[in-house]
Amino acid sequence: MKTIGYAAHSPDANMVPYHFERRALRANDIAIEILYSGICHSDLHTVNGDWGDQSYPLVPGHEIVGRVLEVGSDVTKYKVGENVAVGCMVDSCQDCDQCHNHEEQYCRNGMTPTYGSPDRISGEITQGGYSKHIVVREEFVLGVPDALDLAKAAPILCAGITTFSPLRTWDVKEGSRVGVIGLGGLGHMAVKLAVAMGAEVTVISRSNDKEEDAKAIGAKGILVSKDEDAMNAAAASFDFILDTVPVQHDVSVYTPLLDVDGTLTIVGQVGPMDGFMSWPLIGGRRRVAGSLIGGIKETQDVLDFCAEHNIHPDCKMIEAAEVNDAFAHLAKGDVAHRFVIDMTKLSVDG
Ligand code: NAP
Ligand code: ZN
């Protein structure tokens with residue numbers, strides 16, 4: 001199938017229109033017309049080569065919402081015309097304990113990311129959601145509940161699941177005191193989800209600039225990480241902290257904020273962290289942990305949870321030609337929402 005996307009052709013290069021082919025349907029494949037595609041900071045890391053060498057041209061995008069165009073002969077889960085979604089993975093071995101346990105993101109044989117990774121059968125490099133169409137095996141296609149506004153659902157597929165999964169794992173519930181470091185795409189979803197779980201949520205931000213945004217989505221307020229007095233006053237006052245900072249930093253600035261037995265979970269920076277102080281961990285039986293996206297079953301759970309609690313990501317709709325501007329904002333970290341590309345405006349003949 002002929003399609004069009006926006007691709008980077010080298011690290012740090014602007015993305016430009018790119019014509020390419022999607023594979024012919026295998027028996028268990030679904031062809032999807034992509035309608036909306038979210039822009040994650042991971043797209044920027046990947047295009048820039050922050051996580052190692054990439055294969056170019058590279059079409060990023062793993063927050064995908066669209067409509068079923070065609071189904072393979074063995075597909076039973078979805079029908080032509082249904083609203084569906086695709087997140088950060090498009091395949092895994094389906095055979096190991098982690099896959100059987102619905103944690104395909106931790107597949108022992110390595111899951112296949114939605115873009116920039118060899119397809120398990122053909123070896124062809126996967127290409128993501130900044131495109132008009134995608135072909136994905138049915139096990140990795142999610143259903144979009146009718147109660148969700150299709151134009152606003154895409155960020156649930158990465159920002160939603162990546163924050164929902166640790167909130168669940170570390171048992172955030174009614175009365176939990178939760179801190180969210182960084183009010184961006186992930187951070188704003190973490191606030192909305194934790195508030196819906198009954199938690200008291202504080203945003204821990206570099207400045208007060210996003211205070212109104214934080215309060216508008218249910219946070220109690222902002223704790224400014226650069227304000228030493230405020231940080232000292234907030235010592236030992238959180239049960240759980242989610243760290244979404246996308247760059248190298250020192251978690252020891254934040255660990256003293258945890259109460260005894262509290263956990264800080266890193267979902268942001270991948271790679272070396274700055275100096276790490278053990279005393280806050282030892283002196284309060286505190287923990288530092290990490291978490292990667294979430295399994296397919298849990299991704300369906302977060303879509304259903306958002307539908308049930310009327311949670312929609314705050315989306316700023318853009319056209320595909322504006323992706324490079326959106327990347328520039330993510331690099332600065334100056335937005336408290338998600339950019340979403342309106343793919344309906346991009347034509348294959350364009
Ligand atoms: P984003 O929209 O750019 O938000 C990141 C936020 O972090 C910014 O809005 C900013 O918030 C804060 N920040 C930015 N630069 C900072 C700095 N130098 N020091 C301290 N704080 C800074 O990014 P995102 O899409 O939410 O992604 C966040 C990170 O999560 C990225 O590294 C991404 O790759 C990663 N990620 C991980 C997973 C996973 O499975 N673990 C999944 C998806 C994404 P304030 O202005 O409030 O400080
Ligand atoms: Zn992402």
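Reply: The account below treats the zinc site and then a neighbouring topic, a helix. This is a predicted model, in which local features need pLDDT of at least 70 and side-chain atom pairs count only at pLDDT 80 or more, while totals for chains, interfaces and linings use all residues. Residues are numbered from 1 along each chain as its sequence is written, chains are lettered from A and ligands numbered from 1 in the order in which they are written, and side-chain values use heavy atoms, with hydrogens and water left out.

The zinc ion (ligand 2) is coordinated at 2.0 to 2.2 Å by Cys40 (SG), His62 (NE2) and Cys158 (SG). Donors here are N, O and S atoms within 2.8 Å of the metal (3.2 Å for Na, K and Ca); water is not among the atoms, so sites may look incomplete. Along the chain, the donors follow the spacing C-x21-H-x95-C. His62 lies in the loop between H1 and strand E4 (64–71), and Cys158, 96 residues apart from it, in the loop between helix H3 (150–153) and helix H4 (159–169). Helices (H or I, at least four residues) and strands (E, at least two) are DSSP runs, numbered from the N terminus.

His62 counts as buried, at 8% relative accessibility, and Cys158 is buried at 4%. Buried means under 20% relative accessible area, exposed over 50%, and partly exposed in between (1.4 Å probe, protein chains only).

Helix H1 (residues 41–48) is largely enclosed by the rest of the structure, because seven of its eight residues are buried. Among them are His41, Asp43 and Leu44. H1 is followed by Gly49, whose phi is positive, near 75 degrees.
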